[in-house]
Amino acid sequence: AGQRYQEATFTTIQAVTNYLATGENSGGGYDAPWGENLMSGLSKIMGGKDGDAGLLGDQASLDPLVEGENSPARLWLVIQPGNGGPVEDWVNCEKMALSSPDTTMVVINGALDKVRGGFYPAVFFPKLAATVDRFWKKFEPAFYLKPFSDKGVYGWLYRVYPEPWQVHLEIVKPGKDGNAEVEYMLVDTMDEKPSYDKVV
């Protein structure tokens, strides 16, 4: 397993959560999105004798998880959980961490500002809301780059850990050849992450 990427194992949040659900530190089984059972059943019906039409991805492309070979993992590289996928991904990431506390989790494009900032109301997403303080607020951004705009002014909030937070103003000027030239001017640095209101 994992030979495609040397020591990496190609799998899904669902496969890892279900695999770890059998352990003594288990945070419980996979929290499935509301439509997954319907799509999974439809995929099996459409797959006929092969059993899976691949509506939820090509399950055959996943590496099996095998204790002692590629499990326990040393690192989980989780790409874009929840944002662009089911919000249950964020809940399942916490379950993975609880089940295997010695495995480091790196989240890329996780939209953690949305999760930590209350974008998802607790009344509609109680399981997700419960994970915020005890899990997601502990994450430290290692690299952060987010655009902002207000009344025709554009810029970026930027940080590379452990450096301070930086606010850069984007200045667009006409170029010599008729194309626009963009310059970035550092306008402020802060030790703590600023709010959006402070940035603009």
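How exposed is Lys137? Lys137 is partly exposed, with a relative accessible area of 46%; partly exposed lies between buried (under 20% relative accessible area) and exposed (over 50%), using a 1.4 Å probe and protein chains only. This is a predicted model, in which local features need pLDDT of at least 70 and side-chain atom pairs count only at pLDDT 80 or more, while totals for chains, interfaces and linings use all residues. Residues are numbered from 1 along each chain as its sequence is written, and side-chain values use heavy atoms, with hydrogens and water left out.

**Helix 5**

- Helices (H or I, at least four residues) and strands (E, at least two) are DSSP runs, numbered from the N terminus.
- Helix 5 spans residues 126-134, and Leu128, Thr131 and Val132 are buried in it.
- Seen down the helix axis, these buried residues fall within an arc of 115°, so they line one face of helix 5; the arc is that of the directions from the axis to the C-beta atoms.
- The face turned away from the buried side carries the exposed residues Pro126, Lys127 and Asp133.
- Helix 3 (88-99) and helix 4 (112-116) are among the elements that cover the buried residues of helix 5.

**Strands 1 and 2**

- Strand 1 (residues 75-79) pairs with strand 2 in the parallel sense over 5 bridges; two strands pair if DSSP finds at least two bridges between them.
- Leu75 has Thr104 of strand 2 as its bridge partner.

**Nonpolar core**

- A nonpolar core is a set of buried Ala, Val, Leu, Ile, Met, Phe, Trp, Tyr and Cys residues joined through side-chain atoms within 4.5 Å.
- The largest has 22 residues, of which Trp90, Met105 and Trp136 touch the most other members.
- Helix 3 gives the most to this core, with 5 residues.

**Salt bridges**

- The whole structure holds 8 salt bridges, each a side-chain nitrogen of Lys or Arg within 4 Å of a carboxyl oxygen of Asp or Glu.
- Glu94 and Arg134 form one of them (2.5 Å, N to O).
- This pair links distant parts of the chain, with Glu94 in helix 3 and Arg134 in helix 5, 40 residues apart.
- Glu94 counts as buried at 5% relative accessibility, whereas Arg134 is partly exposed at 46%.
- Lys137 meets Asp133 in a salt bridge (3.3 Å, N to O), and Asp133 counts as exposed at 57% relative accessibility.

Notes: Contact = heavy atoms within 4.5 Å.
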